[in-house]
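Open the model in your viewer and follow the stops in turn. Each one says what to select and what is there.

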Amino acid sequence: MSAENLEKMTKDVCLQIHGITFGYSSKREVLTRVTFDCAKSGIYAILGPNGSGKSTLLKCIMQLQHASAGAVLFNGESLMDKSVRELSQLFGYVPQDCSTNFPITVFDRILLGRKPYIGWNPTDYDLDMVEKNICMFGLEPYALKYVNELSGGERQRVMIAAALAKEPQILVFDEPTSSLDIKHQIDVMKHVRSIVQEKSIIVLIAVHDLNLAAQYADQVVILKKGSVFSQGAPGTTLNKENIRAVYDIDVAIYKRGDVNHIVPLES
Amino acid sequence: MSIRNNRTTTTSGVKDKYRTFLFRKLLILEVSVLVLILLIVWSVSIGAAGLSFGEVTLALLGRFFHSITVPEFNYSIVWDSRMPRVMLAVLAGMGLSVSGVLMQGITGNPLVSPFTLGVSSAAALGASIAILFGVPLFVQFSETYVIILTAFMFCIVSTLLVFLLSRIKSSSATTLVLAGTALNYFYSAITSVLHYFASEEDLMAMVHWTFGTFTGVTWSEVAVVSVVLLICMPLCFKEVWNLNAMTAGGDEVARSLGVNVGRVRTISVVLSSLITATVISFTGVIGFVCLVAPHLARYVIGSDHRFLLPLAATFGAMLTVGSDVVGRIVLEPIILPVSIVVSFVGVPLFIYMISTNRTDFWK
């Protein structure tokens, strides 16, 4: 392992979201004083019903939307003052919808992940990073195929590979597994976990699947109507009472080891 | 699928395959430039004077190599009467096509062209007004120049309007297209009013202007268009990576890749409008090139704008030059306006392309 990697391993990362308030129009706030910390590297699952502000929160953290109040700090520095380029080097973003109207090849799409570093011609290192990520996700057979020609799951892998190609310090997923079957969901989550362990980065994931969060997240943040309802380890936070309060459904919870299995009950 | 944990091996050869892939694209580009040059020479050789392909080639080369002796007559036909026409066709095709690529890129919509923003109907309105009222401000110029200048000014004013309208509610792609479309109808309505009240003679001149023609073109017109293109094209090329990012999956993805989306959109709208305005002020409304050439190029080479932009430019030039030739020979001695022929040539190509396309890009 190189010295640089060692340094990365030992360096603490810390993302602080402090009092984020945001509204698309001035009348209705989508987010109200959202505050939570990601004090060390790990997977942070953002949960909450539709319309609770998960995607908006992610965009505010990445500064794709500008919060009307509050601050986002990474390792103590405010992200508000950073340039678009600096931010793009910091965050890897995998969007909810990754379709495109244009014929772009898998290789080119992943190469775009390197865009924050590319001046005019991609360097050898850029191409190596692309190749590495293509191999990592088993995308070799599709490298020169158009992204549109792939299945939803393959496309998702391309997007994740593209986000990782830029070697981000914070990886942001918006519903990463929503278009994947159960095996691919687990594969992606396992993979994300191994990346977190290897590179000690922060991963923010907005998910609907409570069981996926229960199994893979280090921390869960539950949003309700634009505010943080509860935050903590999945084993304790994902309990009957919280789920009842946020989703308005009754669930049964079965423990297997540390992991909660959540089964909705028909009322 | 299995996500591999073996992360150190990079001996898949994917990188080399990609390099070969890029090399092939470069080759396609070179071949198409060569074809364009041949097409230009062939196009110059077509006409009443009956010059052969060889004579034209010699006359063309004679300008650069003084050791080649060319008959005065051939030289004058080629350089004074035919080349300006063909060169304007080349520049028009290139300019319109590149504008199309830019507009489609920044809106993420393969069906948008500079004409969607109302540039053409603004030009038509400007030309109609100039024909009807003669705009006394420019009396020192000939009538043709008055028409050209007014058409151009209307294009620019219209672009500014579209821009201001889209700025009211951020500069999202949808607002841009909607504002443009609305203005488009507005200009058409005013133009129709002018048509309605115009004398028969003026009406004919107005309608004729919109047909588009390369007849009677001189080197001075070619010079004006070349200067504008020489300034704008490098600026377009500067945006290729940004365009790649913007076509890869929408504004937010582009911004997460470090693209200042608003800035790129502003630059692209200004450049493509400027180019289109300049071209159609001289040639009349040649619409379809903006759509066909970029799509053909994308079909052949994909949407990596590093290659797409130059290939679309050559395809656009081929299309206008080819259409001009067809328009000159098909009903000889009548010369059909380019805009009409472009559609006749372009539509079958376009439909062929849509029906054979492997993937559906209009989902």
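Select β4(A) and strand β5 (residues 77-78) of chain A: 2 bridges join them, and the two strands run antiparallel. Keep in mind that this is a predicted model. Now pick A:Leu73, whose bridge partner in β5(A) is A:Ser78. Next, look at the turn. The hairpin of β4(A) and β5(A) has 2 residues between the strands, and A:Asn75 takes a positive phi near 50°.

**Stop two: the sheet around the hairpin**

Which residue in β4(A) is the bridge partner of A:Thr21? Select A:Ala69 to see it. Then move along to A:Gln16, which has A:Leu73 as its bridge partner in β4(A).

Now show the whole sheet. It is an open sheet of 4 strands in chain A, ordered β2-β1-β4-β5, with antiparallel pairing. The edges are β2 (31-38) and β5 of chain A; each has a single partner strand, so one side of each is left without a neighbour in the sheet. Bring in helix α2 (residues 54-61) of chain A, which packs on this sheet. The helix touches β1, β2 and β4 of chain A, and its direction makes about 65° with that of β2(A).

**Stop three: the six-strand sheet**

Stay in chain A and select the strands in the order β6-β7-β8-β3-β9-β10: they form an open sheet of 6 strands with mixed pairing. Go to the edge strands, β6 (91-94) and β10 (227-232) of chain A, which each pair on one side only. Look across the sheet for its twist, which averages 15° from one strand to the next.

Zoom in on strand β9 (residues 219-224) of chain A and β10(A). They run antiparallel, joined by 5 bridges. Pick A:Lys224 here; opposite it in β10(A) stands A:Ser227.

Which strands does α6(A) touch as it packs on the sheet? Show β6 and β7 (170-174) of chain A to find them. The direction of α6(A) makes about 170° with that of β6(A).

**Stop four: a helix pair in chain A**

Select helix α5 (residues 124-136) and helix α6 (residues 152-165) of chain A. They pack at an angle of about 145°, with axes 9 Å apart. The crossing of α5(A) past α6(A) is right-handed. Show side chains: A:Met129, A:Asn133 and A:Met136 in α5(A) meet A:Ala161, A:Leu164 and A:Ala165 in α6(A). Of the residues in this contact, 5 are nonpolar, 1 is polar and none is charged.

**Stop five: a helix pair in chain B**

Select helix α12 (residues 289-301) and helix α14 (residues 338-356) of chain B, which pack at about 35° with their axes 10 Å apart. Here α12(B) passes α14(B) in a left-handed crossing. Among the residues making the contact are B:His295 and B:Tyr299 of α12(B), and B:Phe350 and B:Met353 of α14(B). The contact residues divide into 9 nonpolar, 3 polar and no charged.

**Last stop: where the chains meet**

Show both chains. The contact takes 47 residues from chain B and 54 from chain A. About 4,700 Å² is buried between the two chains, 61% of it on carbon and sulfur atoms. How many salt bridges does the rule find across the interface? There are 5. Finish on A:Lys59 and B:Glu252, whose side chains meet in a salt bridge (3.2 Å, N to O).

Notes:
Residues numbered from 1 in each chain as written. Chains lettered and ligands numbered in written order. Predicted model: local features only at pLDDT ≥ 70, side-chain atom pairs only at ≥ 80, totals over all residues. Heavy atoms only, no water. Axes fitted to C-alpha atoms, helices over the stretch in contact; angles between N-to-C directions. Left-handed = near helix turned anticlockwise from the far one by under 90°. Contact = heavy atoms within 4.5 Å. Nonpolar A, V, L, I, M, F, W, Y, C, P; charged D, E, K, R; others polar. Pairing = 2+ DSSP bridges. Buried area = accessible area lost by both parts, 1.4 Å probe. Salt bridge = Lys/Arg side-chain N within 4 Å of Asp/Glu carboxyl O.
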